[in-house]
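Please look over the sequence and the structure shown below before reading on.

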Amino acid sequence: MSRHPLVVMGVSGSGKSTVGAALAQRLGVPFVDADDLHPASNIAKMSRGEPLDDEDRWPWLETIGRWLADHPDGGVVSCSALKRAYRDRLREHVAELEFVHLTGSREVIERRQASRPGHFMPASLLSSQFATLEPLAPDERGFAIDVDQSVDRIVQTYVDRVRSGSDTTPVEEN
């Protein structure tokens with residue numbers, strides 16, 4: 001299986017951190033949760049229930065992009081990457097960057113969010129995340145996987161897609 005940097009993306013509560021860590025372990029590559037790369041000002045803003053704007057995100061995306069560039073032989077980052085412009089910014093650091101978009105209905109995501117008390121991102125910001133989300137476009141390397149299944153099944157779906165060579169077209173997997 002080829003090794004290259006990978007971003008596990010999606011709205012808050014989609015399981016990015018859990019799936020990203022599991023994928024990294026399965027692939028034998030480093031993992032970082034982009035939430036851990038936020039500056040304190042971003043965390044404080046989200047903790048107050050205020051959504052981040054692009055000016056808040058650009059320095060954070062640069063930090064993530066540098067981490068990805070430092071791992072050309074493979075690494076996994078969990079990052080919302082909600083807008084095409086954010087993904088383009090990350091691709092400025094790694095042209096062949098691949099994305100796995102974790103998708104799910106609002107109800108599924110709300111249920112998942114409720115199971116993680118104490119996270120700095122309040123559930124009240126979920127609406128802004130869905131409003132901001134721009135799914136992968138046909139020319140973006142990656143694909144979507146439905147999160148309403150076990151983490152092991154999500155990871156296996158990724159592995160199966162990559163092994164089959166169909167890892168470049170965003171196609172919804174169930």
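## A residue and its surroundings

Setting aside residues up to four places away in sequence, His101 touches Met9, Gly10, Leu133, Pro135, Leu136, Phe143, Ala144 and Ile145, where contact means heavy atoms within 4.5 Å. His101 belongs to strand β4, residues 98–103, and it counts as buried because its relative accessibility is 5%; buried means under 20% relative accessible area, exposed over 50% and partly exposed in between, with a 1.4 Å probe and protein chains only. Helices (H or I, at least four residues) and strands (E, at least two) are DSSP runs numbered from the N terminus.

The model is a predicted one, in which local features need pLDDT of at least 70 and side-chain atom pairs count only at pLDDT 80 or more, while totals for chains, interfaces and linings use all residues. Residues are numbered from 1 along each chain as its sequence is written, and side-chain values use heavy atoms, with hydrogens and water left out.

## The whole chain

The protein has seven helices and six strands, which follow one another along the sequence in the pattern β-α-β-α-α-β-α-β-α-α-β-α-β. Of its 174 residues, 48% count as buried. Its accessible surface comes to about 7,900 Å², and 50% of this belongs to carbon and sulfur atoms, the areas coming from the Shrake-Rupley method with a 1.4 Å probe. Among contacts with a separation of 6 or more, 77% are between residues 24 or more positions apart.

| Pair | Separation in sequence | C-alpha to C-alpha distance |
|---|---|---|
| Leu27 and Val155 | 128 residues | 9.8 Å |
| Phe31 and Gly74 | 43 residues | 9.3 Å |

Leu27 is found in helix α1, residues 16–27, and counts as buried at 16% relative accessibility. Phe31, in strand β2 (residues 31–33), is partly exposed, with a relative accessible area of 29%. Leaving aside neighbours within four places in sequence, Phe31 is in contact with Ser17, Gly20, Ala21, Ala24, Trp67, Val76 and Ser78.

## Helices and a loop

In helix α2 (residues 40–47), Asn42, Lys45 and Met46 are buried. Seen down the axis of α2, these buried residues fall within an arc of 95°, so they line one face of the helix, the arc being that of the directions from the helix axis to the C-beta atoms. The buried residues of α2 pack against α3, and just after α2, Gly49 takes a positive phi of about 85°.

Helix α3 (residues 54–69) in turn packs with helix α4 (residues 84–91) at an angle of about 35°, with the axes 8 Å apart; axes are lines fitted to C-alpha atoms, for helices over the stretch in contact, and angles run from 0 to 180 degrees between N-to-C directions. The contact is made by Asp54, Arg57, Trp58, Leu61, Glu62, Ile64, Gly65 and Leu68 of α3 together with Ala85, Tyr86, Arg89 and Leu90 of α4.

Which residue has a positive phi although it is not a glycine? Ala81 does, with a phi of about 45°. Ala81 lies in the loop between β3 (75–78) and α4, and at 1% relative accessibility Ala81 counts as buried.
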